[in-house]
Amino acid sequence: MFNIILFGPPGSGKGTQSERLVLKYGLKHLSTGDILRSEIASQTPLGLEAKNLMDKGQLVPDEVVIGMISSALENNPQAKGFLFDGFPRTEAQAEALDKLLKLKQTEIGVVLALIVSEEELVQRLLNRGLTSGRPDDNNVEVIRARITEYHKKTSVVADYYRKFNKVFDIPGEGTVDEIFESLCEKIDERM
Ligand code: B4P
């Protein structure tokens, strides 16, 4: 089993690249953002709680997303590996993920961190907001709040995995194809 974390600030290309990576490597894609948006669409109690926070650009509580990932791991016993997209986003989530993977006698193989400038992130998210209908993408204040949350709570996750020599920084500006190639190069090296 080979497990990958695709890491980076909001708008860095995690969702975009994940779609291609799962096709190429046959991994199970786990995006906490997508799972939360599907809970919102189904108007579940969890979705209603999450929507309130996501619309403000804040993170959803750790226990909620850890519970979602724990169920997703249990529901996919045949997976040949997982691609985590947008998770973990706090150190507590990273520690919980390590424990869950240990129970399955596996671990994170590599963390690929997409590096993109703040101005480019804001521009990409505003552009997506024109068509996505996502309330967290069409307001510049909310986008800045998401980037601030990333610096305050999420960037430390890369430091956590750096201790285990698992992190590679990948330039995240350029064409989608160029970035995909750089990601594949690192995965092939570590797989
Ligand atoms: P996510 O769904 O994870 O959303 P994201 O960070 O905005 O997206 P991503 O980074 O995948 O977007 P992409 O670059 O592909 O999270 C949304 C919210 O959910 C969070 O704010 C939080 O509230 C909550 N949440 C999720 N997970 C959580 C967790 N673990 N803990 C707590 N809360 C959690 O795309 C951006 C745009 O850039 C697209 O339009 C794309 O087309 C474009 N783009 C991509 N690559 C490009 C390139 N190379 N050049 C130009 N444009 C590019």
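The questions below concern a predicted model of a protein chain with a ligand.

In this predicted model, local features need pLDDT of at least 70 and side-chain atom pairs count only at pLDDT 80 or more, whereas totals for chains, interfaces and linings use all residues. Residues are numbered from 1 along each chain as its sequence is written, and side-chain values use heavy atoms, with hydrogens and water left out.

Q: What makes a residue part of the group around the ligand, and which come nearest?
A: A residue counts as near if one of its heavy atoms lies within 4 Å of the molecule; there are 29 residues around the ligand, and Gly13, Thr32, Arg37, Gln58 and Arg146 come nearest.

Q: Which helices supply at least two residues each to the shell around the ligand?
A: Helices here are DSSP runs of H or I with at least four residues, and strands are runs of E with at least two, numbered from the N terminus. Helix H1 (14-25), helix H2 (32-41), helix H6 (118-132) and helix H8 (176-190) each supply at least two shell residues, and H2 gives the largest share, four residues.

Q: How do you know that the size of the protein chain agrees with a compact globule?
A: The radius of gyration is taken over C-alpha atoms, and the globule rule is 2.2 Å times the number of residues to the power 0.38. For 191 residues a compact globule would have a value near 16 Å, and the protein chain has 16 Å, which therefore agrees.

Q: What makes the peptide bond from phenylalanine 87 to proline 88 stand out?
A: This bond is cis, with omega near -5 degrees, and proline 88 is found in the loop between strand E3 (82-85) and helix H5 (91-103).
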